[in-house]
Amino acid sequence: MSPKTLYDKIWDAHVAHEADDGTCLLYIDRHLVHEVTSPQAFEGLRMAGRSVRAPDKTIAVPDHNVPTTPGREDPKNMTEDSAIQVAALDKNAKDFGIHYYPVSDVRQGIVHIVGPEQGWTLPGMTVVCGDSHTATHGAFGALAHGIGTSEVEHVLATQTLIQKKSKNMKVEITGKLRPGVTAKDITLSVIGETGTAGGTGYVIEYCGEAIRDLSMEGRMTVCNMAIEGGARAGLIAPDEKTFEYVKGRPHAPKGAQWEAAMAWWKTLFSDEDAHWDKVITIKGEDIAPVVTWGTSPEDVLPITAEVPKPDSFEGGKVGAAKRSIEYMGLTPGQKLSDIEIDTVFIGSCTNGRIEDLRAAAEILKGKKIAVKRAMVVPGSGLVRAQAEEEGLADIFKEAGFEWRLAGCSMCLAMNPDQLAPGERCAATSNRNFEGRQGRGGRTHLMSPAMAAAAAITGKLTDVREMM
Amino acid sequence: MEKFEKLTGIAAPMPLVNIDTDMIIPKQFLKTIKRSGLGVNLFDEMRYDDAGNEIPDFVLNKPQYRDAEILVAGDNFGCGSSREHAPWALKDFGIRSVISTSFADIFYNNCFKNGILPIVLPREAVDVLMKDAEKGSNARMTVDLENQTVTSSDGESFSFELDSFKKHCLMNGLDDIGLTMEKAASIDSFEAQASQARPWV
Ligand code: SF4
């Protein structure tokens, strides 16, 4: 048998039909659904008189536009259009008989946090969701990617997706990370290196010692942003850490099925001489704590650097950099660590897990914030409960942070959590696009520890100075 | 789905790189449960000021580009969020084809589900077409799907590549779900075999 990559193996195990031109029907093991990209898909099913083919493999949770303040179970406490979308999801989940975690359920949270937490996401699976950050689930060695609403409808109706195979790209992070450097710094640095289109047409497998050393939380952070590098999906081969994380989760296999699953999962790695269409290697020790300065996730620099000069770029990027710097209200040559901020946002499917909250709390312990507003939005009700149990919530509250209920919140600001025009935010989320966190709002992406450090000093800060 | 065969129309130039789906349709317009009506909010934050007035400098607000049916755009068009509201908004405005050196994967796929043809061409070709688009409404570009060519207003023609299945569906306005349903037997047998091999799924 010819050697295969991890991606090849998962792909081959899910092809339900292949046409002569290589167009495949890929069978989907898990379909995650949220309130914003699904209403039109369910409407389409109804209009065509179709049902959901595999309701057992379909899981829905409202997250994108739900408020993160108490009382949200009552639709009156949501804006009218949000309430309509959430009500539509309630109804669709009920009518079509799919698994559902309403806002009143402690297990509710960001769809990409709930899936792994509940054991829906397992190694070797195909996972899709009408959301680009579905790549997160790749941390388990699952082939996971975002789809559009028409494809949501297609998966609901047929449990398959029409796909052509992507190319294989390997991103290897060798050696150890330096102190203060986290999974977020890895994933941002990779995008800084490849650009936001560098992964287009590829599925990326992240490997190397620095990746193996990461916890499952850290691996999810890395895979989460594969899409920001343009890749269809990001993957990390499952290992003992993965199995340990999965074991005992509500929807993970048990008993004899667990043994059978493990036997297959242990074959899920890229063979020694597998073919790679593109390889990128970065030394772990070369990665520094980074922040973004512009309005594209590729606008990444170490915190010790300065705002770049637009002329230092090439082609269309010169204009884009000029526009970014103007939008961000910065001056070329200004030190990044001199940039003052108004708001800190800790949360999102990139960094809203328990380990992220621990990292931020570690820095914040016994300190007070020096910004207008700081908020922590745990990724799920269960993360929130655990953080309360561990005393993290108290640390945040004493420091001056708002302690919110689970949801996407200020990651995309579809709910009331938004920046005002001109406000500047240190955020642990994944996109710094113009207006992403509110019209005219300015976003700097970074790790939870760096965001916590910024909250204390009121400006972008090298977390290593606080360790 | 609406068929796409051949289109001759006004092309609007948008040379900015990395135009993301948040720019194409900002999130405040995603709270709809319908597919239609998003055209007025296409590029909303670039197109209108805080008071909701049109910004005259924005390309689609200029008289000569109001009826544009084609966009010529900078690299990596449609990156970011998977929202299909982006092609819905383009379509609702009247855009039927977008030309760039590269597109983000999900956006590219979403276009085909909505009767929009995204065309990838080499940089030199996009540069020529960008210049052509800058000439305004008298310069009409032609996109011919069957022959896979784009022709500028002065007759310079470029061929583009396209997946044959996607082309077939777009030319005939075929609904993917209906096509896949015809292969239900394959899905049934795959499901039966997979439930033996991986019963825990
Ligand atoms: S947290 Fe942000 S990136 Fe993640 S699913 Fe929600 S909106 Fe998307």
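Here are some notes on this predicted model, point by point.

1. **Ground rules.** Residues count from 1 along each chain as its sequence is written, and chains are lettered from A, with ligands numbered from 1, in the order in which they are written. The model is predicted, so local features need pLDDT of at least 70 and side-chain atom pairs count only at pLDDT 80 or more, while totals for chains, interfaces and linings use all residues, and side-chain values use heavy atoms, with hydrogens and water left out.

2. **Confidence.** The scores are ipTM 0.91 and pTM 0.94. Chain B has an average pLDDT of 95, and 100% of its residues reach at least 70; pLDDT is the predictor's confidence in each residue, from 0 to 100.

3. **The A:A13 loop.** A:A13 sits in the loop between helix 1 (6-12) and strand 1 (15-18) of chain A. Helices (H or I, at least four residues) and strands (E, at least two) are DSSP runs, numbered from the N terminus. A:A13 counts as buried, at 18% relative accessible area; the cut-offs are under 20% for buried, over 50% for exposed and partly exposed in between, with a 1.4 Å probe and protein chains only. Setting aside neighbours within four places in sequence, A:A13 is in contact with A:W264, B:F190 and B:R198, contact being heavy atoms within 4.5 Å.

4. **The nonpolar cores.** A nonpolar core here is a set of buried Ala, Val, Leu, Ile, Met, Phe, Trp, Tyr and Cys residues joined through side-chain atoms within 4.5 Å. The largest one has 110 residues, and those with the most contacts inside it are A:F396, A:F401, B:F43, B:F77 and B:L90. Helix 16 (residues 448-457) of chain A gives the most to this core, eight residues. Apart from it lies another core of 60 residues, including A:V111 and A:V246.

5. **B:L90 up close.** Beyond its neighbours within four places in sequence, B:L90 is in contact with a list of chain B residues, among them B:F43, B:F77 and B:I116.

6. **The four-stranded sheet.** In chain A, four strands make an open, parallel sheet in the order 11-10-9-12. Strands pair if DSSP finds at least two bridges between them. Strand 11 (233-235) and strand 12 (278-283) of chain A are the edges, each pairing on one side only. Strand 9 (residues 167-174) and strand 12 of chain A pair over six bridges, and A:K170 stands opposite A:V279 in strand 12 of chain A.
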